[in-house]
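Work through the following exercises on salt bridges with the sequence and the coordinates open beside you. Each task is followed by a solution that goes step by step.

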Amino acid sequence: MIIRSNRVLTEHGLRPADVHIDGSVISAVTAHTDAQPDVDAGDDIVMPGLIDTHLHVNEPGRTHWEGFETATRAAAAGGITTIYDMPLNAIPATTTLSALHAKREAALRSATVHVGFIGGVVPGNVSDLEPLSRDGIRLFKCFLVPSGVEEFPGVTEADLRVAMPELTRLDATLMVHAELPEYIQIAQGGDPRSYANYLATRPPSAELEAIAMIIRLAERYGTRVHIVHVSAPGSLPQISAARARGVRITCETCPHYLYFSAEEIPDGATMFKCAPPIRNEARRNTLWHAVMGGEVDMIVSDHSPCPPELKALESGNFLEAWGGIASLQLGLSAVWTEGRAHGLTVELLHEKMSAAPARLARIDDRKAKLAAGYDADVVIWNPEQTFVVDAERLYHRHPITPYHGRTLAGVVRATYLDGRLITTND
């Protein structure tokens, strides 16, 4: 098969090219040939499929929250060809080998895109880390605060002092939800519908102090660490300083921290609730500066859906609502829409949403590049076309998203997995 476009993201940048696919693998990327292409994308962008290393599929056990069938359909429609599923919110949580096998079987039954898995670090499961590693797990997740589900308790510094040397020995990466519980403020009075009231309960200091602790432990034990969903850009200088000292640390942010700001969130609009919270406009702009400057390595979704009743949509109570943004299908468009004003290019979007996540997962030897020998995971999208988000038309299991009614730029035309067309939005 040949996919042709005037804007193909090659190893040498955007240019007219033909992508030749033999079975499931790219065999060559050439200038336009005399051969008739199977797909002529015109001026649409042709680039490697996105890779999302942070989402919650919730199957088995809480499939009524999402599930592999709906999550991967949404991923494909958003140009994502590989996802990595977080260990929590499924029952059982992926903290043991048997739980991993149950989750893998669930994915094999209904997944549309490639699925990888993230193991869990919880109190008392250090002996489970090596079996999970032997079965292919390279990424492990922990919470420093309560996760919201009893199957996945948070860890303390004492727990990490036991787990991190083992993760170093296994050459695995520890992904950290970095907020310290002692800095979380319990709301005393005030309007529970007030977003400002909720925002005040999770101050930036909770994030900054947690990251400082993780850096200290990573430096001591030599562990690879990755800070998930950075919302407070004040934490970035200490991450950069740690890198300069040789600490193996990376970090991510999410589309919702780059698209929304606290000032625009109405009281009672609990579809915006997440943890850490969406912060103010000044911090949003600083995060964009860090993305553009390389301090933030990647952008991933943290897609964390739940049934409508858990979102407390009727009461609008931010303190009771489940925290999580549903946005998997919209990440490319949301980032592109806002990023253009900050100088975001197609090349940098690919770096942040495909190449860097591939390196984190250590699959960059076969994914995230249009080049001979790489997997033929391809997205075709139009960066100029706009659309209005209709939550009812998204493939997520529940039609809840803070992007509803927003006009976004960047329409995914088609997604190919291993050279096969898996979705088209034409």
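**Salt bridges in a predicted model**

In helix H4, Arg169 and Glu166 are 3 residues apart, so about one helical turn separates them. The model to which these exercises refer is a predicted one.

**Exercise 1.** Determine how the side chains of Arg169 and Glu166 meet, and which residues the network contains.

*Solution.* Begin with the pair itself: the side chains of Arg169 and Glu166 form a salt bridge with an N to O distance of 2.8 Å, which is within the 4 Å cut-off. Glu166 is buried, its relative accessible area being 16%. Salt bridges with shared partners then join Glu130, Arg134, Glu166 and Arg169 into one network.

**Exercise 2.** Find which parts are tied together by the pair Arg169 and Glu130.

*Solution.* The side chains of these two residues, Arg169 and Glu130, also meet in a salt bridge, at 2.9 Å from N to O. Because Arg169 belongs to helix H4 (residues 157-170) and Glu130 to helix H3 (residues 126-134), the pair ties together parts that lie 39 residues apart in sequence. Glu130 is partly exposed, with a relative accessible area of 29%.

**Exercise 3.** Locate Glu11 and Lys369, and state how exposed each residue is.

*Solution.* Among the 26 salt bridges found in the whole structure is that of Glu11 with Lys369, whose closest N and O atoms are 3.8 Å apart. Glu11 sits in the loop between strands E1 (2-10) and E2 (13-22), and Lys369 in the loop between helix H11 (346-361) and strand E15 (378-388), so the pair links parts 358 residues apart in sequence. Glu11 is exposed at 52% relative accessibility, whereas Lys369, at 31%, is partly exposed.

How values were computed:
Residues numbered from 1 in each chain as written. Predicted model: local features only at pLDDT ≥ 70, side-chain atom pairs only at ≥ 80, totals over all residues. Heavy atoms only, no water. Helix = DSSP H or I, 4+ residues; strand = E, 2+ residues; numbered from the N terminus. Buried < 20%, exposed > 50% of the residue type's maximum accessible area, 1.4 Å probe, protein only.
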